[in-house]
Amino acid sequence: MLGVMRALVVYVSMYGNTRAVAEAAGKAGSTVALEEGAGGPGLREWLSSLGHLNVLAASFDTRVKGPAVFTGRASKGIIRELDRHGVHWVADPESFFVTK
């Protein structure tokens, strides 16, 4: 018998695009559950407060199309921070392009 796979989706959404992607992952029938009202410190502070994590993870961001040096790319910074906590990556960081 297989165990239940759980996923924690952590996101920051300035304009609602990343929230929409996170909510789509947690739609009915999905094994992903979003924590309602999980407000608190900023993402950097939350990540730095974590201890060692023996978990599988993936990181993504949403941004407008253009060179990452101009648009930013949060997924790479998230990976750098979580690497310090022993996370095992199941995929490379990925950007999803959105329009304004």
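In the protein chain, of the contacts with a separation of 6 or more, 65% are accounted for by residues 24 or more positions apart. Please bear in mind that this is a predicted model.

The secondary structure comprises four helices and six strands. Read from the N terminus, the order of elements is β-α-β-α-β-β-α-α-β-β. The chain has 100 residues, of which 20% count as buried. It exposes about 7,700 Å², and carbon and sulfur atoms supply 57% of that area.

Which residues form the largest nonpolar core? There are six: L47, L50, A57, I78, L82 and V87.

I come now to H85, which is found in the loop between helix 4, residues 74–83, and strand 5, residues 88–89. Is H85 buried or exposed? H85 counts as buried, because its relative accessibility is 9%, and the cut-off for burial is under 20%.

What is H85 in contact with, once its neighbours within four places in sequence are left aside? The partners are L47, S48, L50, G51, H52 and L53. Finally, H85 and N54 lie 31 residues apart in sequence, with a C-alpha to C-alpha distance of 8.3 Å in space.

Technical notes: Residues are numbered from 1 along each chain as its sequence is written. This is a predicted model: local features need pLDDT of at least 70, side-chain atom pairs count only at pLDDT 80 or more; totals for chains, interfaces and linings use all residues. Side-chain values use heavy atoms; hydrogens and water are left out. Helices (H or I, at least four residues) and strands (E, at least two) are DSSP runs, numbered from the N terminus. Buried means under 20% relative accessible area, exposed over 50%, partly exposed in between (1.4 Å probe, protein chains only). Contact means heavy atoms within 4.5 Å. A nonpolar core is a set of buried Ala, Val, Leu, Ile, Met, Phe, Trp, Tyr and Cys residues joined through side-chain atoms within 4.5 Å. Accessible areas come from the Shrake-Rupley method with a 1.4 Å probe; for residues, only the protein chains shown count as cover.
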